[in-house]
Amino acid sequence: MDPEVSLGSLSHVPGTGRPVPEAGPGLVQRWRSGGGELVELLSQVRERFGSIAVFRLGPAPTVLVTDPQAVQHVLARHPERYVKRSHRARLLIGDGVLAATGAAWKRQRRLLQSQFTGTGMRRYEQRITEAARTTAGRWGGYARTGQTLDVGREMRRFALDAIWRSLTGHPLDDGTERELTAVAAVAAALPTLPADVTDAHDAVAADLARIDAVARHAIEAARGGAVGPDGPGLLHVLIDAANERPEYTDRLIRDELVTLLVAGHETTATTLTWLYLLLDRYPAAREQALAAGDEGSAQRRQAIQALVHETLRLYPSAWILPRHATEDDTLAGYTVEAGTDILICPYLTHRDPELWPDPEHFDPRRFITPDGRPAHPGAYFPFGIGPRACLGLQFALRESTVLLEHLLPVHTLAFSSTPTKAAYGITVRPDGPTPATLEPPRT
């Protein structure tokens with residue numbers, strides 16, 4: 001979608017359904033003159049025209065959906081009618097499970113599903129804990145020396161270590177970490193790359209080559225029988241699949257490996273960075289979480305998880321979810337014709353004052369207090385809902401909680417500067433560095 005294309009005049013969803021508000025050309029002109037992001041346009045559309053509104057971002061109408069019941073209708077109840085046609089990160093992740101569609105997606109999803117639930121998750125518990133201990137040790141050194149750290153970089157380093165251990169059985173080494181900074185570089189560049197696929201690839205070719213080299217080395221090592229100190233990992237599951245399933249070529253294994261790297265560290269790192277920025281503004285939230293129970297208690301863990309959930313409410317991992325209607329349907333009383341583009345926007349649903357009182361305020365008690373959050377599943381879905389919800393939901397929540405259990409009781413951060421804006425790409429991330437020093441914990 002090209003946000004530079006003016007909005008067309010549209011007074012109803014195509015078909016014979018109920019009329020919906022029209023978002024006219026003047027709205028996009030005001031958005032364009034302000035130089036804002038796509039989310040600013042969508043915010044104005046939702047504010048002026050409601051939780052289901054129609055506008056044009058291209059030759060065909062687009063329907064913005066933020067109403068919880070309509071969200072569940074599209075994502076959970078009728079995913080076969082509203083499909084994912086492509087992924088913004090396909091240049092980076094290729095045909096990995098996030099970008100795959102149809103029968104290929106079903107096969108890939110089925111293989112990976114068991115790795116992120118129940119027994120599969122328990123297999124990676126110790127690896128996550130070791131990554132958290134490594135980070136805690138590093139922070140102890142920063143506290144002793146007074147060294148300035150960049151919180152965003154530290155969170156990426158932790159999350160990358162956790163997923164790398166889970167993929168390969170090896171802790172993240174400095175060389176691999178340096179090469180995999182290319183993942184974040186490509187992810188950050190995606191929204192600004194040329195529309196032409198060849199031009200876009202050429203613009204980030206050097207970074208993609210670095211990523212491919214790391215993936216190739218890891219695949220060759222695993223195929224050669226190399227098992228890390230933590231035992232075999234997710235990569236070995238993919239390689240074993242190739243022995244029975246011809247579709248798992250080296251290219252697809254590479255795509256799944258990079259997909260898991262991106263999904264397994266970029267979203268978690270961004271969430272943890274936002275959380276620390278929010279704790280800087282709302283220091284009482286940290287104190288309340290630690291006071292909820294003793295170290296290791298269920299009460300403290302629940303309170304720490306509430307910190308994570310409230311951060312994800314404000315900055316969901318998947319802030320926008322495009323879908324495409326494959327057949328005619330009725331959505332919340334409106335007729336939607338086949339071929340209509342749908343935009344689901346968790347970022348806006350999570351900030352709807354009719355669903356979330358005082359929505360801009362950071363209040364983790366929403367996720368602890370009875371009736372503190374809307375009951376409808378379509379009101380809170382930072383990882384999506386339905387069959388295409390994020391595979392790594394439990395992994396992400398677990399690694400975030402474990403790291404915070406290690407760091408929050410010991411360290412508080414003093415930021416020397418904080419970003420003033422958010423950047424809306426694959427994730428919603430702070431638009432700038434996050435330098436800080438460590439202070440003794442507040443009491």
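Strands β5 (residues 321-325) and β8 (residues 341-344) run antiparallel to each other and are joined over 4 bridges; strands here are DSSP runs of E of at least two residues, numbered from the N terminus like the helices (H or I, at least four), and a pair needs at least two DSSP bridges. Within this pairing, Pro322 has Leu343 of β8 as its bridge partner. The model is a predicted one, with local features requiring pLDDT of at least 70 and side-chain atom pairs pLDDT 80 or more, while totals for chains, interfaces and linings use all residues. Residues are numbered from 1 along each chain as its sequence is written, and side-chain values rest on heavy atoms, leaving out hydrogens and water.

Both strands belong to an open, mixed sheet of 5 strands in the order β1-β2-β8-β5-β3. The edges go to β1 (52-56) and β3 (82-83); each has a single partner strand, so one side of each lacks a neighbour in the sheet. Helix α2 (residues 38-49) lies across β1, β2 (61-65) and β8, at about 130 degrees to β1 (axes are lines fitted to C-alpha atoms, for helices over the stretch in contact, with angles from 0 to 180 degrees between N-to-C directions).

As for the loop between β5 and β6 (329-331), Asp328 sits there. Asp328 is exposed, at 54% relative accessible area (exposed is over 50%, buried under 20%, partly exposed in between; 1.4 Å probe, protein chains only). Beyond its neighbours within four places in sequence, Asp328 touches Val336, Glu337 and Ala338, contact being heavy atoms within 4.5 Å. A polar atom of the Asp328 side chain lies 2.8 Å from the backbone nitrogen of Ala338.

Notes. Polar contact = N/O pair within 3.5 Å; in protein donor to acceptor, adjacent residues only side chain to side chain.
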